[in-house]
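Thanks for coming, everyone. Please put the model up on the screen, and I'll walk you through it.

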Amino acid sequence: MRSLWLQVAAVTAINLKSIAQRRWLSLSTVIAIALVVIVLLAFLAMANGFQRTIAGSGADDIAIVLRAGSQAEINSTVSRDQVRLIEDGPGIARGSDGKPMISPELYLVVDGIKRTTKTKANLPLRGIGEQGSALRKDITITSGRMFSRGSNEVVVGKALQRQFEGFDLGSTVSFGATRWTVVGVFDAGGSVFESEIWADLNVVQSLFNRNNIVQTVRARLTGPAALNELKSYSDNDPRLKLDVKSEAAYFAEQASQTSDLIQKLGWPLAIAMALGAVAGALNTMYSSVAARATEIATLRAIGFGGFPAFVGTLAESLLLAVIGGLLGAAATYLIFDGVTASTLGGNFTQVVFDFKLSPWLIAEGVVLALIVGLIGGLFPALRAARLPIVEGLYAN
Amino acid sequence: MNDFDLVRKNLFRRKLRAVLMIVSILIAFMIFGVLAGFYRAFTAGEDAAAADRMITVNKINFTQPMPIAYFTRVRAVEGVRQVTFANWFGGYYQDPKNFIMALAIEPNTYFDVYRSEFEVPPDQLQAFTRDRGSAVVGESLAQKWGWKIGDRIPLNSNIFSQKSGGHTWDLTIAGIVKGKADHVDTNFLLFQYPYFDETRSFGKDTIGWMILQTTSPENNDRVAKAIDAMFANSTAETSTDTEKAFGKAFAAQFGNIALIVLLVAGAAFVTILMIVGNTMALSIRERTREIGVLKTLGFSGPRILGMVLGESVLLALLGGIPGLAVAALIAMALRTSLANIAPAFAVSPTIILQGLVLMIALGLITGIIPALNAMRLRIATALGRG
């Protein structure tokens, strides 16, 4: 038994050392596998970044109230009377002044110009209530100040300011006939709110002729468990009939569709490319076996078994695959990790997000590479193991 | 035996290797075909846009409404042949997941403006304009739900509510709209704006966007300026643009699809190019002696060059053509399930032509270095080797 493993080790060492002789063919396999991994990981990093930005935006103890069936904020409408009923609803936390901690909000779409492409894009303008920023976690004004109530002032999210033109501190932006001054920039801990423009609810309502109408109500709950109380309160009052969700659940729903789509595009493409890479790897390994036919046959003639020849060939293939996989992961990390992109999100507005690789995704990429290496090495390895000695000795 | 036979025999000398090459190339062109088909589908709206059609939207953003009074004012602008308008309804059928692209439209002018795309039998169109509570549905949507003329369907809105409190509008199907060309998407439902406007609980007397047709594309600029100037400094300023520009700007919002396509197809191509190029070089090296013999027999350098290039081009075509065929099959299979996002998903003749050019280019690029080496090979060196 021990001698078998010694044989395996010896043949594997010979195989790996001889890679240098076939450096161009081996290199092409490594690069082919690396490219497969890059394509897969780029897609997965995109889906992951999008998912994190949106899913990371919601809290469990914040309720978001929408019109039943509306699915996204943009489609929802909630009347002033309904807002009052929610204020008095159960499970809603109250501030030190005894007032309910809620924020009625109006969500409008305005145009902005994307810096990179100079094309028009849909940006969200959110009119928020007094408690608006307090109801979101990690909101900090990084420069300038918060807008003052009742004025045409806006604060903009950090990500939005970076991606779209004309939102510098102190500048004036106009949406149709209304003009607004940018007085502050806020950081929202990388959440989707960083892609938004915020202004005072009442001002937005009057300047956009949406008096008495809001789209959503956000409320701080006394605890995550209070959500059900508020839900049944809404379900049982015929004047309400609203969808009550936790903010976390709402954003999880919003994120799943787009990131699913990206993944569904990424995996089939990567698999199709992987098939191409398998063909390349098979080719490399068959050539490797052919090139070493005499060598293998000689080893067999002096008493080495078929198994070491099999393992040696497979090990060579797997080594090339691992190198390719790691190279691909490293390249993806260098090229794509942290790249900022934006696309249309569930609310029909731009969501700015960063490509984000994770160790788990890198593992997926390397596993795909190993599968390519395994399949690409398996058949040539079988051939090496079964090579008739006499034929091998006369090869070339 | 002519040169082609030699090329063919050389290519399949090592059958397994040839098959593997063909499979890699097949996959590369399958990816190319599918991605190009997708790309075409995403940009189809842009290509299909009529040159004389323009869209007027609220300047703030196209999701913001404008007063219905604008409709008659735009109609009076010189150079405008016809105007119609529509309003987004946010429709769904039975469950919010069953999204339906539903619009409340101006019934008398809509199909005039879109006459080059849509076809409604005259009697059905008449029935539609006569009955306020009726709707026309696109062929593919009708097929999806099995709707027939005369059916009454409840259409829900995820935005609007009825004055009476509900979110459901009951509509009678008066007609089925057919697309006049294969890329025209017929996954929609259209119903009468007057009925919608008088029953909805908010937003009365506003419309979503206007579609207008100019008397000639040369008038586009002038008409756009005249319309936008007319509403300047009003509460709802407008922005008028050609349908093409509008569609392009909208498509750009999804992120740069063209770039992704280029990136992926490019990566796949580089991979395949490398594999094929390497193998070609390898197989020519193996045949060094033979090439020496051919030269001794009097084959000229250029003739050898042609034979080697012929081999790599043949290889590319043998893999590439079935690859495009597979892509076409995939496109056909996915077409119905992707009808919502990419209605014109297909491998078009243009894509096939581009594919063929790429195959020949691939063959030439992968073959050129081994071919040049073979051509320059000296007989003495060749025969002395191996």
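Let me start with one ion pair. R149(A) makes a salt bridge to D200(A), with the closest N and O atoms 2.5 Å apart. R149(A) sits in the loop between β5 and β6 (153-157) of chain A, and D200(A) sits in strand β9 (residues 197-200) of chain A, so the pair ties together parts that are 51 residues apart in sequence. R149(A) is partly exposed, at 39% relative accessible area. D200(A) is buried, at 2%.

A word of caution before I go on: this is a predicted model.

Next pair. E165(A) bridges to K118(A), and here the closest N and O atoms are 2.4 Å apart. E165(A) is in the loop between α4 (158-163) and β7 (172-175) of chain A, while K118(A) is in the loop between β3 (102-113) and β4 of chain A, so this pair ties together parts that are 47 residues apart in sequence. E165(A) is partly exposed, at 29% relative accessibility. K118(A) is exposed, at 55%.

Third pair. R218(A) and E247(A) form a salt bridge, with 2.8 Å between the closest N and O atoms. R218(A) belongs to strand β11 (residues 216-220) of chain A and E247(A) to helix α7 (residues 247-291) of chain A, so the pair ties together parts that are 29 residues apart in sequence. Both R218(A) and E247(A) are buried. They also belong to a network of salt bridges, which links E73(A), E105(A), R126(A), R136(A), E196(A), R218(A) and E247(A). Over all chains, the count comes to 31 salt bridges.

Polar contacts are another matter. The rule finds 13 residue pairs in polar contact across that interface, both residues at pLDDT 80 or more. Which elements of chain B give two or more residues to the side that touches chain A? They are α2 (15-48), α9 (243-252) and α10 (257-286). α10(B) gives the most, with 12 residues. By class, this side of chain B has 30 nonpolar, 15 polar and 5 charged residues.

Now the extent of the contact. It takes 50 residues from chain B and 51 residues from chain A. The two chains bury about 3900 Å² between them, 65% of it on carbon and sulfur atoms. I60(B), N158(B) and Q253(B) supply 16% of the area that chain B buries against chain A, more than any other three residues.

On to chain B as a whole. Its secondary structure comes to 14 helices and 14 strands. The radius of gyration is 30 Å, well over the 21 Å that the globule rule gives for 386 residues, so chain B is more spread out than a compact globule. Its C-alpha trace spans about 95 × 45 × 35 Å along the principal axes. Buried residues make up 51% of the chain. Of the contacts in chain B with a separation of 6 or more, 79% are between residues 24 or more positions apart.

S239(B) is in strand β14 (residues 238-242). Is S239(B) buried or exposed? It is buried, with a relative accessible area of 14%. Beyond its neighbours within four places in sequence, S239(B) contacts K120(A) from the other chain, along with residues of chain B including I55(B), T56(B) and D228(B).

P370(B) is in helix α13 (residues 349-376). P370(B) is buried too, at 6% relative accessibility. Leaving aside neighbours within four places, it contacts M280(B), A281(B), I284(B) and V308(B). P370(B) and G91(B) are 279 residues apart in sequence, and their C-alpha atoms are 61 Å apart in space.

Last item, backbone angles in chain A. Most residues other than glycine have a negative phi. Q71(A) has a positive one, near 65 degrees. Q71(A) lies in the loop between β1 (62-67) and β2 (78-79), and it is partly exposed at 36% relative accessibility. D138(A) also has a positive phi, near 55 degrees. D138(A) is in the loop between β4 (120-128) and β5 (140-144), and it is exposed, at 53%.

That's my tour. Questions, please.

Notes:
Residues are numbered from 1 along each chain as its sequence is written. Chains are lettered from A and ligands numbered from 1 in the order in which they are written. This is a predicted model: local features need pLDDT of at least 70, side-chain atom pairs count only at pLDDT 80 or more; totals for chains, interfaces and linings use all residues. Side-chain values use heavy atoms; hydrogens and water are left out. Contact means heavy atoms within 4.5 Å. Buried area is the accessible area (1.4 Å probe) that two parts lose on being put together, summed over both. A polar contact is a pair of N or O atoms within 3.5 Å; within protein, one must be able to donate a hydrogen and the other to accept it, and residues adjacent in sequence count only if both atoms are side-chain atoms. Helices (H or I, at least four residues) and strands (E, at least two) are DSSP runs, numbered from the N terminus. Ala, Val, Leu, Ile, Met, Phe, Trp, Tyr, Cys and Pro count as nonpolar, Asp, Glu, Lys and Arg as charged, and the others, Gly among them, as polar. The radius of gyration is taken over C-alpha atoms; the globule rule is 2.2 Å times the number of residues to the power 0.38. Buried means under 20% relative accessible area, exposed over 50%, partly exposed in between (1.4 Å probe, protein chains only). A salt bridge is a side-chain nitrogen of Lys or Arg within 4 Å of a carboxyl oxygen of Asp or Glu.
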